[in-house]
There are 2 protein chains.
Amino acid sequence: MAYLNEHYLKLKAGYLFPEIARRVNAFTETHADLAKKVIRCGIGDVTEPLPGAAIAAMHRAIDELVRRETFRGYGPEQGYEFLREAIAEKDYRRRGIAIDKDEVFVSDGSKCDCGNILDIFGHQNRIAIMDPVYPVYVDTNVMAGHTGVDDGSGAYTGLVYLPCNKENDFVAAIPAEPVNLIYLCYPNNPTGTVATREQLTAWVNYALRVGAIILFDAAYEAYITDPAIPHSIYEIPGATGCAIEFRSFSKNGGFTGVRCAFTVMPKSLSAQTACGEKKPLHPLWNRRFATKFNGVSYPVQRAAEALYTEAGESQILKLIHHYLGNARILADALRGSGLDVFGGINAPYIWVKAPRGYSSWEVFDKILAEIQVVITPGSGFGKQGEGYFRVSAFNSRENAEEVAERFLKLVWADRADAN
Amino acid sequence: MAYLNEHYLKLKAGYLFPEIARRVNAFTETHADLAKKVIRCGIGDVTEPLPGAAIAAMHRAIDELVRRETFRGYGPEQGYEFLREAIAEKDYRRRGIAIDKDEVFVSDGSKCDCGNILDIFGHQNRIAIMDPVYPVYVDTNVMAGHTGVDDGSGAYTGLVYLPCNKENDFVAAIPAEPVNLIYLCYPNNPTGTVATREQLTAWVNYALRVGAIILFDAAYEAYITDPAIPHSIYEIPGATGCAIEFRSFSKNGGFTGVRCAFTVMPKSLSAQTACGEKKPLHPLWNRRFATKFNGVSYPVQRAAEALYTEAGESQILKLIHHYLGNARILADALRGSGLDVFGGINAPYIWVKAPRGYSSWEVFDKILAEIQVVITPGSGFGKQGEGYFRVSAFNSRENAEEVAERFLKLVWADRADAN
């Protein structure tokens with residue numbers, strides 16, 4: 001009989017978002033009168049229409065497919081040159097970072113890239129992951145057999161968790177034990193916080209020293225408003241020797257349903273074989289694309305290209321201002337209700353410390369029951385998230401203002417003794 | 001220092017299509033006068049415009065993304081219900097096959113699915129692969145560490161190769177040694193041949209008896225003209241207990257650049273853990289989709305849905321008739337020039353036996369030099385392909401007719417003693 005990959009059996013069945021959906025359904029079923037009032041600030045999905053430049057570009061591209069003279073079949077697996085070049089030029093060289101178009105790999109999503117990147121690495125690597133964390137980093141490592149089982153508290157043995165909390169400004173400290181692969185995500189999901197140039201420099205220097213590879217998830221880069229904060233890990237000297245960067249059009253261009261993202265794999269990156277022979281990673285990633293992928297839909301690549309036009313860039317800026325405006329409104333209200341609030345300035349997420357004595361899920365249930373707002377319990381992102389909750393700013397302005405008003409009505413019991 | 005996946009280093013650098021491109025470039029550089037005459041019958045890429053129904057559906061879907069009321073962000077990772085249901089109904093239930101929409105997983109390509117499916121299987125499986133074969137099956141197993149090295153003749157140790165040749169009508173015989181995973185592809189790429197109901201029944205019965213899983217690639221199903229030939233492995237009783245089917249919109253709807261495909265993973269399929277515990281595979285594949293994929297672009301899913309409308313179905317039929325018409329013209333010419341010709345009746349590929357004494361690459365070079373036609377050398381698909389070549393029928397009618405005329409001019413030397 002065929003064998004299955006039993007590492008999958010280690011995964012927890014009750015994944016965060018299904019559990020949220022279950023509780024929301026249970027609430028609306030027992031409180032039919034309140035069901036209509038529910039506003040979701042949970043999942044990180046955009047709500048505003050697609051930029052006009054992207055829409056127009058897609059219509060044009062589709063019309064090319066109507067005629068045999070302009071029809072396009074298989075494109076290059078790694079992406080069309082027009083898009084790879086636009087990305088290399090506008091996202092990197094314009095900022096003084098030397099990235100070549102051949103180092104840009106266009107894909108259908110950062111979630112896919114973050115999981116697929118493990119294909120080119122050996123199973124011997126010791127893997128460091130921030131806590132709290134985007135669950136995909138953890139789960140894909142579990143599936144690849146890089147961990148033991150859940151230790152009962154939601155953490156998998158075999159991973160090196162890097163705590164991120166109020167005490168370290170939510171930026172992971174360099175671990176005492178040696179690691180080979182390090183997932184960093186800034187602006188951070190779920191905490192909405194950023195890493196400074198100095199903090200990223202420390203990570204790059206560490207990675208260069210020990211030969212580790214940083215997997216840098218910059219999906220929320222467009223939300224950075226503070227001019228001192230790096231938009232790319234490659235703004236740090238030496239980073240092209242130790243970092244792979246993941247970017248997406250989901251959260252800037254609103255492409256969550258259109259699907260386009262990219263990975264930057266510098267040609268200068270190397271890793272070793274079991275015998276210690278050093279080899280470049282670029283050919284491996286290139287081979288993975290050629291063998292296990294067939295490129296992103298042509299009209300979608302044209303839409304992504306259009307985001308780099310003058311019109312596209314100004315339309316993106318408007319979207320970012322809209323969501324960050326929501327974030328400010330929501331953060332102010334949460335602060336006004338007496339809570340400790342982080343993030344939301346350079347990111348569309350607000351990370352909130354629940355009052356002492358409340359668990360993340362208790363807060364979830366209370367906020368749903370009392371003001372019919374859906375948030376995300378911080379404990380769903382890892383042990384360090386316990387006692388926090390995440391509020392997403394992806395919403396209409398009207399909803400954000402309504403939620404803000406409701407947040408101000410929250411009353412927190414004095415549970416000082418409970419903890 | 002980080003470790004790389006050194007199984008990638010076992011892959012042959014000179015992959016088939018890059019080598020073809022290199023030889024074509026070398027020829028056109030030294031024969032500038034003939035460069036314009038080159039016609040490609042190599043790669044299996046469609047050439048005709050996209051069906052009007054798909055075009056219209058994409059335009060409509062894009063216009064939904066312009067307004068916040070109809071905007072769609074993240075869709076279900078496994079595909080929208082409208083498409084999963086259309087597939088289950090039109091491709092299966094209409095043919096009397098009980099497949100539920102939850103068993104259909106919509107993806108961006110069969111190439112991806114054929115590679116990704118290995119994620120949910122254990123590394124202990126013994127893997128059977130047809131020879132000649134679509135190289136992706138082999139290469140993804142090499143990358144996953146399921147093979148040894150290339151044995152020097154183009155075959156990897158550790159795989160069970162199933163020879164398909166003139167003697168067995170290009171349908172693999174059931175192996176003497178036990179195997180756990182079996183790749184079958186019918187209508188076949190590269191040979192263009194099909195498997196009969198009896199032959200597929202023998203495979204299904206074998207798989208059920210030993211508990212093996214058949215990975216059935218039916219990407220060319222739409223080209224079947226013989227009413228006796230099954231379109232789906234699930235037409236064979238018992239197959240939902242032993243087979244996963246891969247389908248694509250690339251070769252019927254011409255979606256090679258638009259990107260949409262699907263996998264059918266019946267809920268009744270099981271595999272075992274190392275300890276012999278039997279578990280269903282559906283939850284694993286579902287979890288893979290949820291964790292490592294984010295769904296196909298919304299407008300693309302609407303385009304695929306439109307292929308199942310009355311208009312879409314009749315437009316597909318026209319495309320199929322066009323390509324099969326080319327195949328007939330090309331096959332007749334090849335036969336007319338004295339060659340032994342297979343396939344091309346229920347598939348867009350023609351598989352040709354070169355005259356005795358010619359290797360596949362010798363034929364490639366001769367045909368390119370003498371009549372400026374690019375074919376694919378059979379040896380690129382495996383050891384059993386040596387001495388054969390593949391001609392693709394994906395072309396304009398004009399090109400097909402021109403190539404046919406040129407084929408008739410070919411003169412083959414008598415090399416009867418050479419072999």
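Leaving aside its neighbours within four places in sequence, with which residues is Ser297(B) in contact? With contact meaning heavy atoms within 4.5 Å, Ser297(B) touches Gly257(A), Val258(A), Arg259(A) and Val300(A).

First, the conventions. This is a predicted model, in which local features need pLDDT of at least 70 and side-chain atom pairs count only at pLDDT 80 or more, while totals for chains, interfaces and linings use all residues. Residues are numbered from 1 along each chain as its sequence is written, chains are lettered from A and ligands numbered from 1 in the order in which they are written, and side-chain values use heavy atoms, with hydrogens and water left out.

Ser297(B) sits in the loop between helix 7 (282-292) and helix 8 (298-306) of chain B; helices (H or I, at least four residues) and strands (E, at least two) are DSSP runs, numbered from the N terminus. The relative accessibility of Ser297(B) is 5%, so this residue counts as buried. Here, buried means under 20% relative accessible area, exposed over 50%, and partly exposed in between, with a 1.4 Å probe and protein chains only.

Let us now consider the whole interface. Chain A contributes 82 residues to the contact and chain B contributes 81. About 7,300 Å² is buried between the two chains, with carbon and sulfur atoms giving 59% of that area. Buried area is the accessible area (1.4 Å probe) that two parts lose on being put together, summed over both. Met1(A), Tyr3(A) and Tyr74(A) supply 12% of the area that chain A buries against chain B, more than any other three residues.

As for polar features, there are 52 residue pairs in polar contact between chain A and chain B, both residues being at pLDDT 80 or more. A polar contact is a pair of N or O atoms within 3.5 Å; within protein, one must be able to donate a hydrogen and the other to accept it, and residues adjacent in sequence count only if both atoms are side-chain atoms. Helix 8 of chain A gives the largest share of the side of chain A that touches chain B, seven residues. Six salt bridges cross the interface, a salt bridge being a side-chain nitrogen of Lys or Arg within 4 Å of a carboxyl oxygen of Asp or Glu. In one of them, Arg68(A) meets Glu48(B) at 2.8 Å, N to O.

How are the copies related? A rotation of 180 degrees with 0.0 Å of shift along its axis superposes chain A on chain B, with an RMSD of 0.0 Å. The two copies are therefore related as by a two-fold rotation axis. The superposition is by least squares on the C-alpha atoms of residues with pLDDT of at least 70 in both. Among the residues of chain A, His59(A) comes closest to the axis, at 3.1 Å (C-alpha).

Finally, two cis peptide bonds in chain B. One runs from Asp131(B) to Pro132(B), with omega near 5 degrees, and Pro132(B) lies in the loop between strand 3 (127-131) and helix 5 (135-143). Another joins Asn189(B) and Pro190(B), with omega about 20 degrees.
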